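Visitor: I have a structure to go through. Can we take it piece by piece?
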Amino acid sequence: MKVIELAGIDGFTAEAMPDENREIDGVYIGDLLSWVMGRAQADNAWITIMTNINIVAVAALADVSCIVLAEDVKPDGQVLKTAEEKGVNIIRSRFPAYETAVALSRFTA
Amino acid sequence: MSELLSFHYDVDGENFTSAGQASVRVKKNLRQLGVDPETIRRVSIAMYEGEINMVIHANGGVADVEVDDTGITIILADNGPGIADIEKAMQEGYSTARDEVRSLGFGAGMGLPNMKRYTDDMKIESEPGKGTTVTMRVNF
């Protein structure tokens, strides 16, 4: 499933989409950034509730396909601007992390 | 071993907003060199963890990256407080980071273990009160 397709699912909204055709392969859920860098795999969709600017660097370096912000948390303008510059996709989900992952699993299966 | 390319970066201290800039630049440079994506991922994650450590603990420092025929060497040097007990610092979950740092999602005691995990070789030289130099090697 492409990142742009995930953003089109009911309950999901595109926040930054500089690399919309990237394929999602697997999911990682976590808020501790070092943990995420140690465990997330390249091309995973990364579900988190963290919105500070460092999530963009973590996503870029860990090479995940997109950040999915659960619980409808909204990133600020600086985060979105940096994400566009660094080619990091950000999608907002109105569901909690678990339901977000279940939705992803349903659509990527 | 012939040295093909080297990059030098200054890492700003106490600046979490710009933390990771050197790593992102390294990533870009390695991609231009045609290095394979998984190697780039390992190098940039290890370097970012080191960069974050320098921001959290040492008020910044310098990063040097050297690319040769067989791999990539990353040298991170700072003039911070040093690491009193390196063995302890290498344990997953051990951290001396401040609460403010933890609230950003760092300081989980995963930095050094991640650096070791993603590199083929890692050496820490540290003297309390003088500073720390971490040398990491990722082979192609």
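Visitor: What radius of gyration would a compact globule with 140 residues have, and what does chain B have?
Guide: The globule would come to near 14 Å and chain B has 14 Å, so the two agree. The radius is taken over C-alpha atoms, and the globule rule is 2.2 Å times the number of residues to the power 0.38. This is a predicted model, where local features need pLDDT of at least 70 and side-chain atom pairs pLDDT 80 or more, while totals for chains, interfaces and linings use all residues. Residues are numbered from 1 along each chain as its sequence is written, and chains are lettered from A and ligands numbered from 1 in the order written.

Visitor: What pattern does chain B follow along the sequence?
Guide: It reads β-α-α-β-β-α-α-α-β-β. Helices (H or I, at least four residues) and strands (E, at least two) are DSSP runs, numbered from the N terminus.

Visitor: Switching to chain A, what is the strand order in the sheet of five?
Guide: The open sheet runs β1-β5-β4-β3-β2 with mixed pairing; strands pair if DSSP finds at least two bridges between them. β1 (12-16) and β2 (27-29) of chain A are the edge strands.

Visitor: In which sense do β4 and β5 of chain A pair?
Guide: Parallel, over three bridges. A:I67 has A:I90 in β5(A) as its bridge partner.

Visitor: And how many residues of chain A are in contact with chain B?
Guide: 18 residues of chain A, against 21 of chain B. Contact requires C-beta atoms, placed from the backbone, within 7 Å. α2 (33-39) and α3 (54-62) of chain A each supply at least two residues of chain A's side.

Notes
Contact = placed C-beta atoms within 7 Å.
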